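Please look at the backbone of the chain shown here, with attention to its loops. The report that follows takes up a few residues whose backbone geometry deserves a careful reading.

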Amino acid sequence: MAKGLRGFLWPMLLLFCAIQEPGSWATRTAVEGPGLGEPGDPALLAGGRVKRGWVWNQFFVVEEYTGTEPLYVGKIHSDSDEGDGSIKYTISGEGAGTIFLIDEITGDIHATERLDREQKTFYTLRAQARDRQTDQLLEPESEFIIKVQDINDSEPRFLEGPYIGSVAELSPVGTSVMQVMASDADDPTYGSSARVVYSVLEGEQHFTVDSKTGVIRTAVADLDRETQDRYEVVIRATDMAGQLGGLSGSTTVTIVVTDVNDNPPRFPQKMYQFSIVETAPVGTAIGRVKAEDSDVGENTDMTYQVKDEEGVEMFKVTTDSNTQEAVITVQKPLDYESKKVHTVVVEALNKFVDPRFVDLGTFRDQTIVRVSVLDVDEPPEFRPPSNLMEVQEDAHVGSIVGVVTALDPDTANHPVRYAIDRSTDAERIFDIDAKTGAIVTGKVLDRETAGWHNITVLAMEADNHSQVSRASLRIRILDVNDNPPELATPYEASVCEDAKPGQLIQTISVVDRDEPQSGHRFYFTLAPEATNNHHFSLLDIQDNTAAVHTQRVGFNRQEQDVYLLPILVMDSGPPALSSTGTLTIRVCGCDSSGAIQSCNSTAYVVSATLSPGALIALLVCVLILVVLVLLILTLKRHHKSHLTSEDDEDMRDNVIKYNDEGGGEQDTEAYDMSALRSLYDFSEIKAGDGGGGPGEGAPGRNPASELHALPQWVQSPDLDFSVFRDYICRKVEQADEDLSVPPYDSFQTYAFEGSDSPVPSLSSINTWSSGSEQDFSYLGGWGPRFRQLAALYAGRRGEEDSEES
């Protein structure tokens, strides 16, 4: 309360001093006279008497005033005020008339509302002094400030919460965790209302806080995440620098203890037992073991390994990265008969070791894994596992190729039976003895046809054929000399007519399907039937080839143009085999350089009689004749096409084609029959006898008789349609009895075309009268469309009359 009174009396004292000593507190001067006072006023330059004007200093008002009476702020006063009430004081600006009221006579200012510095720190107002009678300004308007004086009414607040920090376990004392900050809304420039200090309310056993900065630090060095991984620390902030009476606020800070690798892996058990059958393939998983680690995250990552030599050879340990388990798998085939139990030492160690905690102990652990091998009934095993046999190709059927042996690995040692998988020997070239395993030939062998045979041999227990093992066997067929050598190709050679003795004609090589181990060696000689040959000689070059040379001077192809030379070829055996091949030698004509020109005797005769120039002339003549023949044929074809086009043009003007077929005589809607019927209107024909109709020039002829003279079809009285009538009746009865047939079916017969048609048939088939009895002269009166037809029949009739005469 004393502090508040000091704040209130201070501005009053300043105001009182300003009034008593105007010379020292005057802030503005004015020229005597109403309405004047601006520094640039002409009255100021006129040298009038100068008086002192407004006199005051800054006003203060304490915040959060709770009294019942208005709070006195201060007083404004003009040095021209003589206290007779002639001056009227007014204020304007922020809060004037609402928050701040002024006594118009005395100039006293009071605050009528409770003020809060945290909302507004000062108010700016303007003061005026007017003549009460004339309302004229006696002093220029002046601005002043009322400042709200702070009191400690706001407690510190933690605005950035909630706070969550972290610190690694086993951190040394004083390790910084995080920083907290509180904010105080009071005036930091006035007093200690905004000076905040920090302290720990809860958790001081493990953490401390800097009273000025708010930095939280560890208070102990044995924080253990595995014991407690989270702490709730309450921090308090107090203003007034922590003095008695200061306001305070608090917040809760969550501190998480993070993990470090300070715990080694440990196996929960010192021994694990697993079992697996002896037939398990390599890579089969036997079981899983896992070492526990109290740490979390990557500090629990570990690797496993086998430490003993026996375990390294037989088993393999891998780490499951998802579960951090050790997976034990088979690395080599197991055998119950050889060893029934295997002992494996498995070691676990951390993948990431922190060197700061090495002194805590070794970060690894070991355990023993016992693997029991279970006995199963296994198929026989081939011993030894040799898969290659050899046999001569001339071996007789039933000869032994080799023997396979298989034994039962089980302790019972059951007898074994053998067989050949016939899918690998479909032709049954080999057989096997079911008891002894001896493989024999089943057919005659031929190395040249198949030099290798791959078969699969089966071995099974005698009393349990489901226990089968397989072995692939390769049989090589060894070669014997059973194929004679032959000439490599059907050789043909040529010799010039003017050849000299000793001239090379042909080099001969041979092929042999056999493949002796020592290699081929062939011998060449002339066959016995060529012993009397005096034309050619054969020389063995000793490199499996031979050369044919001439023995005489010159050849004449007119006498003999082809020579056949039989050659005997023999291999080295054993046994030595031979064959005879024939070399065909043709006698040819050659030029001076020895190049062959022709090997045909006929060509020789022709070439002797005709020179090259004559041959060219002959070819030119033949070519000219061919061109002439082609030209004649082209002209004939062109002339024929011209005549044909003229005939087609004439026929096109006189022939009309009808391609549509009507529905019979009863179909009167599909085609207009009046055009046809008008041609045979008997009344018109009879009426036109005297008027230039069709009967013009032949008055004695009857058109009706002429029409009937044309060929026409008349129904034969001997025809019997009962067969068709019976068939149609049966179909009608079937349709009537069928209930699924709709009732709106109809039946129409088109077999009968009617009778007494006015248009007789134009066909010559079944014509009753001969051609000599018909007269077609009436066709001339049918108009231009039948002119061509009338000309044809008129010409034919004239020829017949001439023949009869």
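## A loop with two prolines

Pro575 is found in the loop between E41 and E42. This is a predicted model, and in it the peptide bond that runs from Pro574 to Pro575 is cis, with an omega near -15°.

## Ala241 and its positive phi

Which value does phi of Ala241 take? The angle is near 60°, which is a positive value in a residue other than glycine. Ala241 is found in the loop that lies between strand E17, residues 230-238, and strand E18, residues 248-258.

Ala241 has a relative accessibility of 25%, and therefore counts as partly exposed, because that class holds the values between the limit for buried, under 20%, and the limit for exposed, over 50%.

## Gln542 and its positive phi

Phi of Gln542 is near 70°, again a positive value in a residue other than glycine.

Is Gln542 buried or exposed? With a relative accessibility of 53%, Gln542 counts as exposed, because exposed means over 50%.

Terms used. Residues numbered from 1 in each chain as written. Predicted model: local features only at pLDDT ≥ 70, side-chain atom pairs only at ≥ 80, totals over all residues. Heavy atoms only, no water. Helix = DSSP H or I, 4+ residues; strand = E, 2+ residues; numbered from the N terminus. Buried < 20%, exposed > 50% of the residue type's maximum accessible area, 1.4 Å probe, protein only.
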